[in-house]
Protein chains: 2
Amino acid sequence: MTNAKIGRFPIVATSPLVDGGKFPAKAFEGEVILFQATAFREGHDKLAVELVLTAPSGKTTRHLMDLSNPGLDLWQTKAKLEEVGEYSYQISAWDDLFETWAYNTNVKLEAGVDQELMMLEGSKLLDEFAASAPKAAAAKFSAFAKELLAKKQTPNERFLAVVENARELANKHPLRSRESLSEPATIKCERKLAGSGKWYEFFPRSEGAKLNKDGSWTSGNFKTAKASLERVSEMGFDVLYLPPIHPIGTSHRKGKNNTLDPQPGDPGSPWAIGSLEGGHDTIHPELGTEADFKSFVKAANKLGIEVAMDLALQASPDHPWVASHPEWFTTRADGSIAYAENPPKKYQDIYPINFDNDLPGLLAEVERIIEKWVSFGVRIFRVDNPHTKTLEFWQELIASVNAKHPDVIFLAEAFTRPAMMATLGKIGFQQSYNYFTWRNTKAELVSYLNELAHQSADYFRPNLWVNTPDILTQYLQFGGKPAFKIRATIAAMAGASWGMYAGYELYEAVARPGSEENIDNEKYEYKARDFDGALAKNASLAPRIRLLNKIRDENPALQQLRNLETHWSDDDSVLVFSKRLEPNFNGGKDNTVIVVVNTDPHSVRETMTHLNLKALELPAEFEVEDLITGKKFSWSEHNFVRLDAFTEPAHILRVVR
Amino acid sequence: MTNAKIGRFPIVATSPLVDGGKFPAKAFEGEVILFQATAFREGHDKLAVELVLTAPSGKTTRHLMDLSNPGLDLWQTKAKLEEVGEYSYQISAWDDLFETWAYNTNVKLEAGVDQELMMLEGSKLLDEFAASAPKAAAAKFSAFAKELLAKKQTPNERFLAVVENARELANKHPLRSRESLSEPATIKCERKLAGSGKWYEFFPRSEGAKLNKDGSWTSGNFKTAKASLERVSEMGFDVLYLPPIHPIGTSHRKGKNNTLDPQPGDPGSPWAIGSLEGGHDTIHPELGTEADFKSFVKAANKLGIEVAMDLALQASPDHPWVASHPEWFTTRADGSIAYAENPPKKYQDIYPINFDNDLPGLLAEVERIIEKWVSFGVRIFRVDNPHTKTLEFWQELIASVNAKHPDVIFLAEAFTRPAMMATLGKIGFQQSYNYFTWRNTKAELVSYLNELAHQSADYFRPNLWVNTPDILTQYLQFGGKPAFKIRATIAAMAGASWGMYAGYELYEAVARPGSEENIDNEKYEYKARDFDGALAKNASLAPRIRLLNKIRDENPALQQLRNLETHWSDDDSVLVFSKRLEPNFNGGKDNTVIVVVNTDPHSVRETMTHLNLKALELPAEFEVEDLITGKKFSWSEHNFVRLDAFTEPAHILRVVR
C-alpha cells in the first residue's frame with residue numbers, strides 16, 4: 001500500500017509545487033511568490049497555518065498564512081525571494097489553542113454561559129504559554145493569566161482587558177500545539193534575468209553592412225556592430241541576442257527569400273552551421289576574430305547589456321562533425337547521412353543530430369562548446385528548436401552546465417504542443433518563447449496573460465517577443481503603425497521579460513507572400529537599416545520603446561511575472577490589467593501600475609473600465625499619473641477612457657498613494 | 001535538487017493517480033477504468049503507448065493506448081478490473097519504428113522520392129523484428145522483408161502487399177525500442193458493494209412496534225424486524241443499514257421532535273449511545289439478544305441482503321467508558337467532562353471523544369468493537385460524522401481492520417467542506433454520503449453527476465441517498481408525489497450506489513417546522529407504518545422502487561460509477577444522461593441505457609433532446625425500449641420527448657443493438 005500518513009492536521013495541497021514535487025518550482029531573484037496550502041482539521045476548533053521558508057543561506061523564516069477561502073480551506077501568504085539558490089519550504093499547521101479559547105469565550109460571554117469556567121480555562125492556557133515562552137514574555141503571559149481570575153471585574157471586563165494583548169503575545173510566542181508539517185518542497189531561485197529582462201535581437205553581419213557600388217555586400221562584423229550597441233542601450237534593453245555567429249555551410253545553401261538557388265555573395269542562413277572553417281566552437285571569419293567577439297561582449301557589458309548566443313544543435317553538410325563524428329548523425333540504409341525532412345519536404349542544407357547514437361559523446365561536446373563561450377563572457381543561450389532533440393539530453397546538459405555556472409540561462413525556442421513546452425521548462429530551461437505573438441484580441445490576451453502569470457509560472461517563464469526573424473504576424477502585417485505601438489506596449493508592460501527583433505522600430509511590416517515572416521528576410525541576406533534617418537523623420541518607434549523600458553525600470557511592479565491582474569472594460573477591444581508590488585516587498589513604497597490598451601489598431605474606442613479595487617487594496621477614489629503623457633486623473637472603480645489607436649492607444653497609469 | 005529523470009520518452013501525467021500517488025486510486029470488482037497518460041516525444045517520429053497492468057494475482061497484461069487528443073498528447077484505454085486486491089500499473093512509451101517507417105514510406109511513395117531506399121529500410125527493419133520474434137513470427141517477418149526487395153513489382157505494389165499484414169504482426173510482437181516506463185501507481189480494487197449497491201435504512205425498533213391501548217409503545221426488535229426483511233428484499237435492496245442498536249443513555253435524553261423534556265416511554269435517540277446496560281459492544285435489550293441479532297443478520301443474508309451497522313463514536317453521559325476511561329473524553333478546568341457544543345448550542349446528551357488523549361487505546365477499543373460485530377456477520381459500517389474525529393484515527397483504524405478483513409466497508413457520513421470530504425475518501429473510507437440530495441435542478445445535476453463520475457471517482461465513491469432521518473429536502477417537502485418518483489429514478493439510475501430511508505415509499509413529506517427533517521422524527525420515537533395498506537391503496541412508491549432496482553440488476557451499465565455521460569435537451573428541466581458498458585466488458589453484449597427525466601415535479605415538459613451519438617458509438621438511427629412502459633421507439637440524434645411529472649416523469653431507454 002502506498003498510503004501516505006495523513007498527519008494530525010491534514011495539509012493536502014501546497015503551492016508552488018511542480019508535478020507533486022518531481023521538479024523544483026521556478027523563481028527569480030526579487031520575485032514575490034504566492035504560497036498556498038489546503039489545510040483543515042476535524043470539528044470546530046481553530047487551526048493556525050504557517051509557511052516555513054528556508055533560504056539558500058540556511059536562514060529559516062516563518063510566515064503566518066491567512067485563510068483566504070474558508071470554504072475551500074485555502075490558506076495563503078506571499079514572500080519575496082531575495083537569494084539565488086535553492087529554497088525549501090514546508091507548511092506547518094497547528095492547534096490554535098488561543099484562538100479557539102478566544103472564540104468560544106466570546107460566544108459564551110454573549111450567551112451568558114460558563115463565564116467563570118472560560119476565565120479559568122483561559123488562565124490555565126496562558127500559564128501553558130508562559131511555561132514555554134522566554135522569560136520576559138512568560139512574565140506577561142502569567143500576568144494575563146492572573147488578570148483573568150481577578151474577580152473584582154466581570155468576566156466580560158477581564159476578557160476584554162486581556163484578549164488583544166494576549167493574542168499579540170501568543171502570535172509572537174506560539175505554542176504550535178500538535179504541529180503537522182507538509183513534505184518539504186523546493187524552489188529554485190535563479191538570477192533576475194532568468195525571469196525578468198528586456199531583450200533585443202540583431203544580426204551582427206547586418207550592423208554596419210555596406211552595399212557596394214558593384215551590387216556586392218561588405219558584411220558587418222563585431223567591430224562595426226559595436227557601434228550599434230549604443231542604439232540598443234539607448235532604447236533601454238539589457239540583453240542582446242545574436243543569431244548563430246559560426247561559419248555557414250555552402251552545400252545546399254539557401255538564397256534570398258529561402259530559395260534553393262543562391263547567388264554568388266548570398267551569405268546563407270546562420271542556422272546552417274559549419275563549414276571547412278569550423279563549427280559551433282568557431283566564429284564566422286567575416287564577423288571577425290575571437291578577440292573581436294570578446295571585445296564586443298565587453299563593450300556591451302559596459303552599457304549594461306548581456307550578450308546572448310544561439311545554440312542550434314544541427315549541422316550543415318560541411319560541418320567538421322560530419323567527418324569527425326558521423327555517428328552523431330543518422331546513416332540511412334544506402335550509407336548516406338540523413339538530412340532534415342518532414343516528408344515530402346526536404347531540408348538538404350541541414351543534418352539533424354541523432355542523440356540516441358552517442359548521448360555521452362554529444363553531451364561532452366556540447367558542454368565543451370558552451371564552456372568555451374562562457375569563458376568569453378556569455379551567460380545566456382537561446383536554444384533553437386529544443387523540441388526536436390531528446391529531453392533527456394537537455395535535462396542532463398542544463399543540470400551539468402548549471403552545476404558549474406548557476407548563472408547560465410537557457411531560453412527555449414519551442415513553438416509546439418503544451419506538454420512539450422511545459423516539460424522543457426520543468427526539466428531546466430530558464431525561459432521560453434511562447435504564443436504571445438499570436439494572442440492579439442482582448443479575449444485572447446486576458447486568457448493567455450492570466451495563464452502565463454498564474455497557471456504556468458511555477459515551471460514556464462515566458463519571454464514576450466513582439467516579433468522574430470521567423471514571426472511577422474498578420475496583426476503586424478495589416479495593423480499599420482498603431483499595431484506596432486500597441487504590441488510593444490502590451491509586451492513591455494505585461495511581460496516580466498519581453499523581446500524585440502531589429503526592424504520592429506522601423507515598422508517593417510511586409511511579409512513574404514503566403515508566409516508569416518518578413519520579405520527579403522535577414523536570415524538569407526544582409527540588411528542595412530537607416531535607424532537614425534527614421535528617427536530624424538519621426539518615423540521610428542524607438543522613442544516609444546525607450547519610454548516603455550524606462551517606465552519598466554522605474555516601476556518594479558512591472559518586473560514581476562506573477563502579479564498581473566486583469567480588470568473589466570465594457571469594450572471588447574479595450575484590455576485592462578494591473579501589476580502591483582505591495583509596500584512590504586518594495587522598501588515600504590507601494591508600486592501599482594494600471595495599463596489600459598485599445599487592442600484594435602484601426603479604431604478609436606470609448607468605454608468604461610471597471611477595476612477590482614479590492615485586489616489592489618485601493619480606496620474608492622485615488623489619483624493616477626499617466627506615465628506616457630504625465631497627466632494626472634482622479635480615478636475610482638468605474639472610469640471612462642477614450643483611446644485613439646492612431647494617436648495614443650494606451651494609458652499607463654501609476655497610482656499615487 | 002529534486003529533479004526527476006525525464007526519461008527517453010516523457011510520460012508526464014498518468015491517471016488514475018491520487019495526489020501524485022500518495023494514496024491508491026479506488027476501484028471495485030467489475031469496474032471499468034479509464035486509463036490516461038500524457039506522453040510525447042521530440043520531432044516527428046511515431047510513438048506507441050501502452051498500459052501495463054498487473055493484477056493482484058500477479059498476472060500482467062499490456063493494452064495499447066489510443067492517441068485520443070493529439071494536441072494534448074493524451075493517450076487512453078479502458079480496462080475492467082476483475083480481481084479484489086491491489087493492482088499496479090505503469091505506462092510504457094516506445095519508439096514505434098514500424099509506424100514511422102510506414103508513414104514516411106507512404107508519403108515518399110506519393111511524392112516519388114527515395115522509393116527503393118524506403119523498401120531497403122523497411123526490409124532491414126522487418127529483419128530486426130524477426131531477430132527478436134518467436135520462430136513462426138520471425139519467419140513471417142523475414143518473408144515480408146524479402147518481399148519488399150523483390151524488384152519485379154513496383155515499390156508501391158510491394159509496400160501495399162506487405163504493410164497491413166506486417167503491421168498486425170508488429171503489433172503482436174512489438175520491438176518496444178527505447179522503452180520508457182512511468183513510475184508504478186496503485187489501484188485498490190475492493191469488492192463490488194464498496195462501489196455499487198442498493199441501500200435501505202430502517203430503525204429495527206420501529207419494525208413491528210406497537211402502540212398499546214394505554215398510549216405506551218411496545219418496541220419492535222430483531223425478531224419482529226425479521227418479518228420486514230421480506231419487504232426490503234421485495235423492493236430489490238441488497239444492503240440494509242441500521243441506526244445504532246446499542247443501549248441508549250437516559251441523562252439529558254431527547255424527547256419527541258428533539259425536545260429537552262422527554263416523557264416517560266420516549267425511547268431516546270439511538271445516537272446517544274451507552275447506558276448502564278452497556279456501550280458500543282452491546283445490543284439494546286429492547287431489540288433482543290445477541291442471538292436474535294445474529295439470526296436477523298443470517299435471515300437478511302439468506303435474502304441477499306447485507307446488514308450495515310452504525311459506528312457513531314461518541315457517548316451518552318451514561319456510557320460505561322465515562323467511568324472506565326474518563327481519559328477518552330475532555331475534562332474541563334472545573335473537573336467536569338465536556339459535552340458536545342457548538343457555542344452557544346449545547347448537546348448535553350452527548351460526550352465527544354478526545355482522540356488526542358489516548359489514540360492507541362481508542363484504536364484498540366474501537367477495533368475490538370468492530371471485531372465483535374464482524375464476528376456476528378457484519379461487514380459494512382456507516383460512520384457517523386467522521387469529520388468531527390481526527391483523520392489519523394480513521395486512517396489507522398481502517399487500514400488495520402482492512403488488513404484483517406479486506407471485505408469490510410466504511411461509509412463516511414460527512415456533510416462538510418470539499419477538502420475534508422475528499423480526504424476521508426483518500427485515507428480509506430470506501431464510500432461517502434454527498435450533496436446529491438440538495439442537487440435538484442437540471443443544471444445542478446449535470447454539474448454534480450459529472451463531478452462524481454469523472455472528477456472525484458478515483459478517491460470518492462458516492463452513495464446517492466434520496467432521504468435520511470436527517471434530510472428531508474424542500475424539494476421533497478413541496479414537490480408532491482412526483483418529486484419522490486423523480487428523485488428515486490435519478491438516484492437509482494445515475495448512482496452506482498443509491499440509498500433510501502424507510503418512509504420514502506410512503507411519500508412522507510412533512511418537516512418539523514423550520515427544519516429539513518421529518519416531523520415526529522423516528523430518531524426520537526417509534527414509528528409503526530402501514531406499508532401493506534399503502535400498497536393496497538395504490539399509495540406506495542414501493543412498486544416503482546422495485547422496478548428501478550430490477551432495471552439496475554438487468555443492466556450492468558447502471559452498476560458502474562464512471563460511465564455516466566450527460567446529453568443535451570432544450571428544456572432547462574429535462575435531464576438526459578446515459579450509461580454504457582461496451583461489449584468487450586460485458587461478455588460481448590453492449591449495454592446502453594439512456595435516461596430522460598423531467599426534474600420539475602410540478603409540470604409537463606415537451607422538448608427536443610440531443611444525444612452525443614459519437615460518445616455512445618450509436619448509428620444515426622437506432623431502436624430503444626422503454627424499460628418503464630415496455631414501449632419501443634426509433635431514436636436518432638434529435639428526439640422529441642413529452643414528460644408529464646404527474647403521470648410518468650421519465651424514460652429509461654435501453655438501446656437495442
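**Figure 1. Domains of chain A.** Chain A is assigned four stretches: domain 1 (11-96 + 180-190), domain 2 (113-173), domain 3 (194-313 + 358-556) and domain 4 (562-656). The model shown here and in the other views is predicted. Taken over C-alpha atoms, the centres of domain 1 of chain A and domain 2 of chain A are separated by 31 Å.

**Figure 2. A stacked ring pair in chain A.** The count of aromatic pairs over all chains comes to 66. One of them joins Tyr433(A) and Trp465(A): the ring centres are 5.7 Å apart and the planes meet at 5°, so the pair is stacked. This pair links distant parts of the chain, 32 residues apart. Tyr433(A) lies in the loop between strand S22 (431-432) and helix H12 (442-455) of chain A. Trp465(A) belongs to strand S23 (residues 463-465) of chain A. Tyr433(A) and Trp465(A) are both buried.

**Figure 3. An edge-to-face ring pair in chain B.** Phe35(B) and Tyr89(B) pair edge-to-face, at 5.1 Å centre to centre and with 75° between the planes. Here too, distant parts of the chain are linked: the two residues are 54 residues apart. Phe35(B) is in strand S3 (residues 32-39) of chain B, and Tyr89(B) is in strand S8 (residues 85-95) of chain B. Both Phe35(B) and Tyr89(B) are buried.

**Figure 4. An aromatic cluster in chain A.** Ring pairs connect Tyr200(A), Phe202(A), Phe222(A), Phe237(A), Phe293(A), Phe296(A), Trp373(A), Phe376(A) and Trp498(A) into a cluster.

**Figure 5. Charges over rings.** In chain A, the charged end of Arg487(A) sits over the ring of Tyr475(A), 5.8 Å from its centre. In chain B, Lys46(B) lies over the face of Tyr103(B), 4.0 Å from the ring centre.

**Figure 6. Asp266(B), buried without a salt bridge.** Asp266(B) sits in the loop between strand S14 (239-241) and helix H6 (290-302) of chain B. Asp266(B) is buried but has no salt bridge. Lys256(B) is the nearest side chain of opposite charge, 4.8 Å away. A salt bridge requires a nitrogen-to-oxygen distance within 4 Å. Leaving out residues up to four places away in sequence, Asp266(B) touches Arg253(B), Gly255(B) and Lys256(B).

**Figure 7. Asp553(B) on a helix of chain B.** Asp553(B) is part of helix H15 (residues 542-554) of chain B. Asp553(B) has a relative accessible area of 45%, so this residue is partly exposed. Asp553(B) and Gly236(B) are 317 residues apart in sequence, yet 8.8 Å apart in space, C-alpha to C-alpha. Not counting residues up to four places away in sequence, Asp553(B) touches Lys198(B) and Gln559(B).

How values were computed:
Residues are numbered from 1 along each chain as its sequence is written. Chains are lettered from A and ligands numbered from 1 in the order in which they are written. This is a predicted model: local features need pLDDT of at least 70, side-chain atom pairs count only at pLDDT 80 or more; totals for chains, interfaces and linings use all residues. Side-chain values use heavy atoms; hydrogens and water are left out. Helices (H or I, at least four residues) and strands (E, at least two) are DSSP runs, numbered from the N terminus. Buried means under 20% relative accessible area, exposed over 50%, partly exposed in between (1.4 Å probe, protein chains only). Lys and Arg count as positive and Asp and Glu as negative; His and the chain ends are not counted. Contact means heavy atoms within 4.5 Å. Domain bounds come from an automatic or database domain assignment. Rings of Phe, Tyr and Trp (its six-membered ring) pair if their centres lie within 6.5 Å; planes under 30 degrees apart count as stacked, over 60 as edge-to-face and the rest as tilted. A charge sits over a ring if NZ of Lys or CZ of Arg is within 6 Å of the ring centre and within 35 degrees of the ring normal.
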